[in-house]
Amino acid sequence: MAVNTLVSNEIAQFYAGAAEEKRLTYGLGPLEFERNKELIGRFLPAKASVIMDVGGGPGVYAEWLAGLGHTVHLIDPVSKHIQQAQKRASKLKKPFAAVLGEARSLGFPADSADMVIEHGPLYHLQQRIDRVKALKEASRVLKPGGAMLGFAINHSVSTLTGLLNGMIHDDQFYSMCMDELKTGLHNPPAAWPGILPEAFFHKPNELLDEVAEAGFTDVELFAVEGMIWLDAKYFESRSDPKKKAAMMNLLTATEQSPELLCFSPHMMICGRKK
């Protein structure tokens, strides 16, 4: 671990140079953002509630949730993200709180949150024991019946991306993909700077097992982007209202298909505290 930080040197250096606050505005980011808000919205309490946004980065989702009237606590282990989130919150009519912290030890009382959203912990914690610990900590701070929403990266995403873009034929990229498919461990080669650093990419069944091990019930698993991003003319289709509507309808119709989950770059899992 790096000195004076809650994350490894690799992760700290990556986010120090990354424009995470802009990531959801280009490429597949708008689809991810649109779908995440839709999926989260299905589980939001009807009344103003306490929500913990764990791994919430620069506060894009926290801003949205606070704007809906919820009391939002953003927790992130990257100092840069907390500074960005606090600056963002300071400009809002309905601000949120942002504190430096880590998913395995949230520093909040038990039974104090109506919802916990886990963004980065499920893929930046490479060891299963640490991911389960983070999930159990989410359960601790949740009120009985509260919802945990966890976001994970699919074990197949690098391989699919490599096949679509020809990167799969680079020996180091190919080796990285094979490791992800076999073990879930994602360690990008030095020859490919800019790729997400050390992480864990889940198989759907692994994600279900970890959430069950943490004690959650009523577990449901959803594709975030689904397979519609594989459209050879995706960006052209998305800009056409009729074509976009058809693609989104296809996504909704297949979002919980076990046979098709591996085509979605991200997955969202929901579990309830007993």
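**Figure 1. A pocket in the predicted model and the residues around it.** A pocket is an open set of grid points with protein on both sides within 12 Å along at least five of seven lines, and its lining residues have an atom within 4 Å of a point. This close-up, like the others here, comes from a predicted model. The second largest pocket has a volume of about 200 Å³. Part of its lining comes from E10, Q13 and F14, and the rest from N187, P188, P189, W192, P193, G194, I195, P197 and E198. Sorted by class, these lining residues are 7 nonpolar, 3 polar and 2 charged.

**Figure 2. A cavity inside the model.** Rolling a probe the size of a water molecule over the atoms shows where empty space is left. How many cavities of 30 Å³ or more does a search of the whole structure find? The search turns up 1. The largest cavity has a volume of about 40 Å³. Look for A223, G226, M227, L251, T254, E255 and L260, the residues that line this cavity. Its lining has 4 nonpolar, 2 polar and 1 charged residues.

**Figure 3. Helices α7 and α8 pack together.** Two packed helices are described by the angle between their axes and the distance between the axes. Here, helix α7 covers residues 157-165 and helix α8 covers residues 171-183; their packing angle is about 145°, and their axes lie 8 Å apart. The crossing of α7 past α8 is left-handed. Where do they touch? On the α7 side you will find S158, T159 and G162, which meet F173, M176, C177, E180 and L181 of α8. This contact brings together 4 nonpolar, 3 polar and 1 charged residues.

**Figure 4. The buried residues of α7.** Which residues of α7 are buried? They are V157, S158, T159, L160 and G162. Their cover includes strand β5 (142-153) as well as α8. Just after the helix, G166 takes a positive phi of about 80°.

**Figure 5. N36, a buried residue of helix α2.** N36 sits in helix α2, which spans residues 29-43. Is N36 buried or exposed? Its relative accessibility is 2%, so N36 counts as buried, since the cut-off for buried is under 20%. Setting aside neighbours within four places in sequence, N36 is in contact with Y61, F151 and V224. From N36 to S79 the separation is 43 residues in sequence and 24 Å in space, C-alpha to C-alpha.

**Figure 6. Q83, an exposed residue of helix α4.** Q83 belongs to helix α4, residues 79-90. With a relative accessible area of 56%, Q83 is exposed, because exposed means over 50%. Along the chain, Q83 and E180 are 97 residues apart, and their C-alpha atoms are separated by 33 Å.

**Figure 7. Two aspartates with positive phi.** D111 has a positive phi of about 55° although it is not a glycine. You will find D111 in the loop between β3 (97-100) and β4 (113-118). D111 counts as partly exposed, at 41% relative accessibility. D218 is another non-glycine residue with a positive phi, near 50°. D218 is in strand β8, residues 217-223, and is exposed, with a relative accessible area of 58%.

Note on methods. Residues numbered from 1 in each chain as written. Predicted model: local features only at pLDDT ≥ 70, side-chain atom pairs only at ≥ 80, totals over all residues. Heavy atoms only, no water. 1 Å grid on protein atoms, 1.4 Å probe; cavity = no way out; pocket = protein on both sides within 12 Å on 5 of 7 lines; lining within 4 Å. Points joined across faces, edges and corners; volume = space filled by probe spheres on them. Nonpolar A, V, L, I, M, F, W, Y, C, P; charged D, E, K, R; others polar. Axes fitted to C-alpha atoms, helices over the stretch in contact; angles between N-to-C directions. Helix = DSSP H or I, 4+ residues; strand = E, 2+ residues; numbered from the N terminus. Left-handed = near helix turned anticlockwise from the far one by under 90°. Contact = heavy atoms within 4.5 Å. Buried < 20%, exposed > 50% of the residue type's maximum accessible area, 1.4 Å probe, protein only.
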